Amino acid sequence: MLTVRLFARLREDLGTGELSLGWSAPATVGDVIERLGAQGGEAWRRALAAENLVIAVNHSVSSREQVLADGDELAFFPPVTGG
Amino acid sequence: MLTEDIDAGGLERWLQREDGGVGAIVSFTGYVRGRGEGGDIQRLWLEHYPGMTERAIGAIVEEATRRWALRAVAVLHRVGELGPGARIVYVGVASAHRGDAFAACEFVMDYLKTRAPFWKKEFTGRGERWVEPRDSDEAALRRWGAPGGSGRPDAAEGSA
């Protein structure tokens, strides 16, 4: 099982902050992005293709090439604007 | 991460805490502006990523402690709904001399703005909008010798 979390504009645009995906190894972040696009449709494909998309795996910034393990928490969000 | 007001005076006392080695405290307090790019701001919504935010701030403080001789560091950030004039963030740094405290305080703020997962949404009379990151914030970060990038929080371990 993978947990996928979305924040800020991504969460609003895609209408969910968290979802679970069945696990199928081996998978990279890029594979999961493809899967989400295939099952979620155009809005998901566009949101996850954004050039400034930030990817985090288990609370650390990561990349599309990152290999995932069962139980990982994957997050997608726009550039941060705190402070 | 706080949902109530930030007590800047109490934090300064905590930073000093009868530590004879503290000769300087520099602090920064960020406030909600009354006017934004979208007009008069009625309220601000602060979203964060629980767990990752604490970890990112911990990594930033750890890096500051590695670069400068610091006696204590306090970082507090509000989340949730805030009105104009409310404190959003407080960074306080205590050191023996002012140079380290000034530099470290600015460093922590520059990193926090571009690396800690927080997002601001403004509500004005004309509607709501997510605040866009500013190029000047990334430019501020590069002064510290950080690699350029896209608003990415640090990955190192640490505690807030």
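Strand β1 (residues 2-6) of chain A has five of its five residues buried, so it is largely enclosed by the rest of the structure. Buried here means under 20% relative accessible area, exposed means over 50%, and partly exposed lies in between (1.4 Å probe, protein chains only). Strands (E, at least two residues) and helices (H or I, at least four residues) are DSSP runs, numbered from the N terminus.

The model is predicted: local features need pLDDT of at least 70, side-chain atom pairs count only at pLDDT 80 or more, and totals for chains, interfaces and linings use all residues. Residues are numbered from 1 along each chain as its sequence is written, chains are lettered from A in the order in which they are written, and side-chain values use heavy atoms, with hydrogens and water left out.

**Strand β1 of chain A and its partners**

Both faces of β1(A) are covered, with L2(A), V4(A) and L6(A) buried on one side and T3(A) and R5(A) buried on the other. β1(A) runs antiparallel to strand β2 (residues 18-21) of chain A, and four bridges join the two. Two strands pair if DSSP finds at least two bridges between them. In β2(A), S20(A) stands opposite T3(A). β1(A) is also joined by four bridges to β7(A), and these two run parallel. There, L74(A) is the bridge partner of V4(A).

**The interface of chains A and B**

The contact between the chains takes 22 residues from chain A and 31 residues from chain B, where contact means heavy atoms within 4.5 Å. Together the two chains bury about 2300 Å², 55% of it on carbon and sulfur atoms. Buried area is the accessible area (1.4 Å probe) that two parts lose on being put together, summed over both.

Three salt bridges are counted between chain A and chain B. A salt bridge is a side-chain nitrogen of Lys or Arg within 4 Å of a carboxyl oxygen of Asp or Glu. One links E12(A) and K121(B), with N to O at 2.5 Å.

On the side of chain A that touches chain B, α1 (8-14), β4 (54-57), β5 (60-62) and β7 (73-77) each supply at least two residues. The most come from α1(A), with four residues. By type, this side of chain A divides into 10 nonpolar, seven polar and five charged residues. Ala, Val, Leu, Ile, Met, Phe, Trp, Tyr, Cys and Pro count as nonpolar, Asp, Glu, Lys and Arg as charged, and the others, Gly among them, as polar.

**Salt bridges within the chains**

Over all chains the structure holds 18 salt bridges. The table gives some that lie within one chain.

| Pair | N to O |
|---|---|
| R45(A) and E42(A) | 3.5 Å |
| R46(A) and E42(A) | 3.7 Å |
| R129(B) and E122(B) | 2.8 Å |

In chain B, R129(B) is partly exposed at 23% relative accessible area, whereas E122(B) is buried at 8%. In chain A, R5(A), E18(A) and E73(A) are joined into one network by salt bridges that share partners.

Helix α3 (residues 42-48) of chain A holds R45(A) and E42(A) three residues apart, so about one helical turn separates them. R46(A) and E42(A) are four residues apart in α3(A), also about one helical turn. R45(A) is partly exposed at 43% and E42(A) is partly exposed at 45%, while R46(A) counts as exposed at 54%.

**Local backbone features**

A cis peptide bond joins A25(A) and P26(A), with omega about -10°. P26(A) lies in the loop between β2 and β3 (27-28) of chain A.

A8(A), a residue other than glycine, has a positive phi near 55°. A8(A) is found in helix α1 of chain A and is buried, with a relative accessible area of 1%. H59(A), not a glycine, has a positive phi of about 75° and lies in the loop between β4 and β5 of chain A.

In chain B, G30(B) lies in strand β1 (residues 24-31) and counts as buried at 8% relative accessibility. Leaving aside neighbours within four places in sequence, G30(B) is in contact with A86(B), R87(B), I88(B) and V89(B).
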